[in-house]
Each structure stands twice: as structure tokens, then as C-alpha cells.
Amino acid sequence: MKHLIDILDFSVEELQELIDTANDIIDHPEAYSERCKGKKLATLFFEPSTRTRLSFEAAMYELGGNVIGFSEAQSSSAAKGESVADTAKVISCYADIIAMRHPKEGAPLVAAMNASIPVINAGDGGHNHPTQTLADLLTIHREKGRLSNMTVGFCGDLKFGRTVHSLINALSRYEGIKVVLISPEELKLPSYVKKDILKEHDIPYVQTSDLESVMPDLDVLYMTRVQRERFFNEEDYLRLKDSYILTPDKLNNAKSDLSILHPLPRVNEISVEIDSDPRACYFKQVLYGKYMRMALILKLLKEAGKL
Ligand code: NCD
């Protein structure tokens, strides 16, 4: 059974296949509107989410399928003490595919090991968020026409930002990628990501706390929110939350074809004045996320012999 737990579960060829399908859906949405007729997606969200859950739901509806599920742990049997393994076995009797978000790292993997239907990791703690990466890859591909030979800056909470970890993982397999890591000391990229991904793949990277000094080098700037819910104390969060606020003046020395991405939700790290700058891609990125989730659902259901 093919699942998507980690972005590395898919080869570069498979990622390209998803990008091609998503582009085809964008061009011919009507050809896809009944592809999942009679199929059910279960959205098991043990952690708050608007975008990702609704994106999955919209994706399944646009494929003509149905959606069941819950949006908080309190309204599921987890509140009674049910294990993730049991929940996965139970839901396998009701649905054709699962999208799971969980505050604990590894929970979707446990679900995949126990489910008899495909499982998609919709974000596990501060670990991974592979379907956000699918949205990010389609955005970069459509903006730049390639996924190789570029300098990508990641700015903000690189420690707890699971979207950052998954995107770095994905980009590590393309040629000519350079990474610039911009964060305060306390929110630096975890050393396991540096060692297992960047060093392992010989990807040149620099670490800095100064966004403006590296701005001219960047082809893509991936901004992130400081992840309040993962801090152990409020004091640290308050001290670090305003570390980076992207304002128009900070883009003065940026490339004219820079692409600014953000997985959203935004708090204040990108000023709303930037929204009208043609380099701002974060709302397009939301839309692309839906198309990539449609492509993903189709691929996993096909591989499971359900389509
Ligand atoms: C991200 C997440 O949940 O990790 N959001 C998302 O899925 N679009 C980023 C975040 O919450 O800051």
C-alpha cells in the first residue's frame, strides 16, 4: 500500500507526475469532476487547521467524492483513550483514503502501519508536512519553470516549522540548489535536518540572522510563522515572535523575479502591503495546494486499486 508520510516516499519522477496532473487539472477541471465518484476521504484532524483540512475537503469534492471526519481530537474517540492504531483500523472500514493531522510526530506513520487504505500525513507535530511541500513545489515550478538551480531562503521558525523540514527534504534531490537559513539563534534548523539532508546531499547552505544582507541572492524566499503552539513557555514566544517582519523596504535589494512563499497562516511576518507585489505568491500557493491534493488523492487511490 502506497502512503504519503514523508515527502521522500515519492521519487522525483513521481513528484513530476503529480505536478503534471495538477497542471492538467488546472487546464481541464471538468475532466476530473467525477473521477472519485462514490469514494470517501476521511479527514482525521487531531490538531487545529483551516487551510489544510478544507483544502483536502475541497479537493475531494472537486473530484466528485465525499468526505467524512472530524476537526479536533476532542470530538473523536481519542478523547476516550483510543490509540491511533485502532482509529486507523476502524476508519479503514468506512473510507477509501485517510488524511491525518496529529500533534505527535510519527502518528500518521503509525496509522499507515495499521490501516488497510492509503494514509496521507497532513502534518505531524514539528516534524513533516509533505502535502504543503506538494503545494510549494507546484508554486515554485509554475513561477520559475524549474525546481533546480536556484537559491532558496527559509526565514523565521526553522526549528518547529515542519513545512520547512519537508521542503528542504524535497529540494535536496534537485540539481544546483543552494539554501540560505535565516532565523534567530533559538529557532535555527534542527541539526538532524542539517546533517541528514543538507550535509548528506552536499547542498551548500549558509546560516544567518540577517535577512536583508542575503536578500539579493534569493530566487525564492520562504517565510514562516513563529510556531507559538510548540513553545514550552510563552515568554520565549513573545521574545521571538517579531524577529522577522517582511516590509516593502526590505525588498529594495531583492531580485525582480523573487518568489515569496508562505504556507500560511500569516500572523504579522509579512506586511499586507506586500500582498499586491507581483512577487507575492502565497495566495496562489493555497490554490495550487488544492490541485496537488487532488492529484495526490487520484494517485494513491489508483495505486490502491480503488480507481
Ligand atoms: C503550516 C502548518 O500547519 O504547519 N500551515 C499549513 O498547513 N498551511 C504552517 C503553520 O501553521 O505555520
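The model is predicted, so local features need pLDDT of at least 70, side-chain atom pairs count only at pLDDT 80 or more, and totals for chains, interfaces and linings use all residues. Residues are numbered from 1 along each chain as its sequence is written, and side-chain values use heavy atoms, with hydrogens and water left out.

**Helix α2**
- Helix α2 covers residues 51-62; helices are DSSP runs of H or I with at least four residues, strands are runs of E with at least two, and both are numbered from the N terminus.
- From first C-alpha to last, α2 reaches 16 Å, close to the 16 Å expected at 1.5 Å a residue (1.5 Å times one less than the number of residues).
- Among the buried residues of α2 are F56, A59 and M60 (buried means under 20% relative accessible area, with a 1.4 Å probe and protein chains only).
- The partners that these buried residues pack against include β1 (40-45), β2 (66-70) and α10 (282-303); contact means heavy atoms within 4.5 Å.
- Just after α2, G64 has a positive phi of about 85°.

**Where α1 meets α10**
- The axes of α1 (residues 12-27) and α10 come within 8 Å and cross at roughly 120° (axes are lines fitted to C-alpha atoms over the stretch in contact, and angles run from 0 to 180 degrees between N-to-C directions).

**F283 in α10**
- F283 lies in α10 and touches L264, R266 and D275, not counting residues up to four places away in sequence.
- F283 and Q207 are 76 residues apart in sequence and 28 Å apart in space, C-alpha to C-alpha.

How values were computed:
Buried means under 20% relative accessible area, exposed over 50%, partly exposed in between (1.4 Å probe, protein chains only).
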